[in-house]
Amino acid sequence: WLDSDLRDLAVSNTGRVYAGGNFTLAGSSAVNYVAEWTAAGWQPLGTGVGLGGVLCLATDTQGNLYAGGNFTQAGGQPANRVAKWNGTAWSALGAGIGNGVVNALATDAAGNLYVGGDFTLAGGARALSMAKWDGTNWSPLNTSINGWVYALAVGPTGTLYAGGNFTLIDGVIVNRIAQRNGSTWSGMAGGGNAVVVRLLPDSRGHVYAGGEFTQMGGQALGYLARWDGSTWNAVGGGISGRVRALVLDSANNLYVGGSFARAGGTVVNNITRWDGTTWHTLGTGLADGVMALAVHGSTVYAGGGFLTVGDGSKITAQFGVYDARIPTATSAATPPPAAMLYPNPAHGTATLRLSPAEAAHPATAELHDALGRVLRRYTLPAGPGPHTLPLAGLAPGTYYVQIGTARPQPLVIE
């Protein structure tokens, strides 16, 4: 579990899985907005980054991780809104991004890092919402833009794609999505009618775009569209709501995450797979919006604001792992806990995050001792939380927390 939302995921060329967001705890580890998921659970990356959190991640061919957001330090050292993790330590990229916020990162085969967001300075010089870091120096990518950049991606031939809420780049009408060949920006068949938040090129020269748009290239293409080099096309009957995350696996299956119930008429619950012909479910999906996706081998990683899988049968707080090779259950699932309880063991306070069923109304949490006696009652307002349970004055030992009539959960106080 994570104690707040996950905003982006990235997988290195060696299969290391990284997550960034607004969380400061991952499992029992203090991680400060960025962490690595391993077979042993969550691991911190040094001391993480500073206040402001991580909005985007990218990896390069050398296995380095880049994090972007609104922070001004990484690893305890100054690092303005973008930083590099080399596997052992954080480092700044020159003077970094001097103001605003970084929303998007992308790398190319030559090791260049592309940065997008809402800013006017990179490396101390003028750079409007986009910039490039070549390992030594920052350089601007445009002379004018009338909005923010939310998505960047580099195609197999080196074309840079940008998406956001802008309609003009360098005086060219592009309508929220554009491509850059060499030093020239151009539109893509008229662009879209609302924000583009994710871009994903494939090996065949196509580009998938996801976001809040309902039209692309003048066509009714809601929330997801594919660029074939000259025109925009539908993908399998489309998606019923906003798309926030896109990723391809090695077999060119497309995974889509966001805030939607259906894909091409199939109930999928916020996450789905397109095999080129048919939309597929991933179990029962996820119970709330998906903001990030990553794939390694047959394993799919998802992050967002969800607390459970789609049918509520399993807690997957902010982060879920799906592997199609693992068979689904053949018997009824055990009812999920009424809440996540952490940290455990606890010192001074514990935190509750309520399940969707319990979060729908005010609730009462009871703290019991080993004999079942009620020692404290906590009144919890409606909403998932987090809800803080003060524990001061209680002797070290094992206690139990119960929400309503749900099964009590053990809590160790040290």
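**Figure 1. Strand E42 and its antiparallel partners in the predicted model.** Strand E42 is mostly covered, with 5 of its 6 residues buried. E42 is joined to E43 by 6 bridges, and the two run antiparallel; in this pairing, threonine 364 has threonine 379 of E43 as its bridge partner. A further 4 bridges join E42 to E45, again in antiparallel fashion, and here histidine 368 is partnered by tyrosine 400 of E45.

**Figure 2. The hairpin of E42 and E43.** Between the two strands lie 5 residues. Glycine 372 takes a positive phi near 90° in this hairpin.

**Figure 3. The largest nonpolar core.** This core comprises 22 residues, of which Leu352, Leu367, Leu380, Leu391, Val401, Ile403 and Leu411 touch the most other members. Two or more residues each are contributed by strands E40 (339-347), E41 (349-354), E42 (363-368), E43 (374-380), E45 (397-403) and E46 (409-413). Another core, of 17 residues, lies apart from this one and includes Ala104, Ile145, Val174 and Ala178.

**Figure 4. The surroundings of leucine 380.** Leaving aside residues up to four places away in sequence, leucine 380 touches Leu352, Leu354, Pro362, Ala363, Ala365, His387, Leu389 and Ile403.

**Figure 5. An open sheet of 4 strands.** The strand order is E13-E14-E17-E18, and the pairing is antiparallel. Strands E13 (101-107) and E18 (138-140) stand at the edges with a single partner strand each, so one side of each has no neighbour in the sheet. From one strand to the next, the twist averages 25°. Strand E14 (residues 113-118) is joined to strand E17 (residues 130-133) by 4 bridges; leucine 113 has tryptophan 133 in E17 as its bridge partner.

Definitions and conventions
Residues numbered from 1 in each chain as written. Predicted model: local features only at pLDDT ≥ 70, side-chain atom pairs only at ≥ 80, totals over all residues. Heavy atoms only, no water. Core = buried A, V, L, I, M, F, W, Y, C linked by side-chain atoms within 4.5 Å. Buried < 20%, exposed > 50% of the residue type's maximum accessible area, 1.4 Å probe, protein only. Contact = heavy atoms within 4.5 Å. Pairing = 2+ DSSP bridges. Axes fitted to C-alpha atoms, helices over the stretch in contact; angles between N-to-C directions.
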